[in-house]
Amino acid sequence: MALDESLIGKVAELPRKQWEYAVVSSVTLSTRAAILGGVPPATAYALSDTMLQKLSKCTDLSGIIQLSGEVRLTFASCVRDFRDQRCSYSIIEEAKTYMRTNLNKDITKVAAARIVSCDRRSYISVNSQTSHSHTALC
């Protein structure tokens, strides 16, 4: 999906330069959005550097236009991946906190699933290798 040229202010006479500047702006804005979306700044900046290096290697207008779409998709995917990671981590931490505060009680799969808002109990498994009942996320 290409950028709508009518939405971009004219910053250069040559179409190639116009698109190059548009991609640089897109990389900049995508980097900021990725950081706001939960991507660690170092990761977002490294991805930004990679995209700008790819841009510097583009030899024609079609390559720059293709890269403009790649920039948006790559940054969006990065945000999605980090959000998925964070969600999994958050669920695990909630479960661990629940278990620590309830060690003196019988911890069941159902109770643990309810606490971490997990609809599918298949994500919760019981580890009976210790003297206490433990629940852990698979």
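User: Why does Lys54 count as partly exposed?

Analyst: The model is predicted, so local features need pLDDT of at least 70 and side-chain atom pairs count only at pLDDT 80 or more, while totals for chains, interfaces and linings use all residues. Residues are numbered from 1 along each chain as its sequence is written, and side-chain values use heavy atoms, with hydrogens and water left out. Buried means under 20% relative accessible area, exposed over 50%, and partly exposed in between (1.4 Å probe, protein chains only). Lys54 has 35% relative accessibility and therefore counts as partly exposed.

User: What makes Lys54 and Glu70 a salt bridge?

Analyst: The term requires a side-chain nitrogen of Lys or Arg within 4 Å of a carboxyl oxygen of Asp or Glu. For the side chains of Lys54 and Glu70 the N to O value is 2.4 Å, and they meet in a salt bridge. This pair links distant parts of the chain, with Lys54 in helix H2 (residues 41–57) and Glu70 in helix H3 (residues 61–101), 16 residues apart. Helices here are DSSP runs of H or I with at least four residues, strands are runs of E with at least two, and both are numbered from the N terminus. Glu70 has a relative accessible area of 29%, so Glu70 is partly exposed.

User: Which residue forms a salt bridge with Glu20 at 3.1 Å, and which at 3.4 Å?

Analyst: Arg16 is the partner with closest N and O atoms 3.1 Å apart, and Lys17 is the partner at 3.4 Å. Glu20 and Arg16 are four residues apart in helix H1 (residues 15–36), so about one helical turn separates them. Glu20 and Lys17 are three residues apart in helix H1, again about one helical turn.

User: Is Glu20 called buried or partly exposed, and why?

Analyst: Glu20 is at 18% relative accessibility and therefore counts as buried. Arg16, with a relative accessible area of 31%, is partly exposed, and Lys17, at 32%, is partly exposed.

User: What pattern does the protein chain follow along the sequence?

Analyst: The pattern is α-α-α-α-β-β, from four helices and two strands. Of the 138 residues in the protein chain, 29% are buried.
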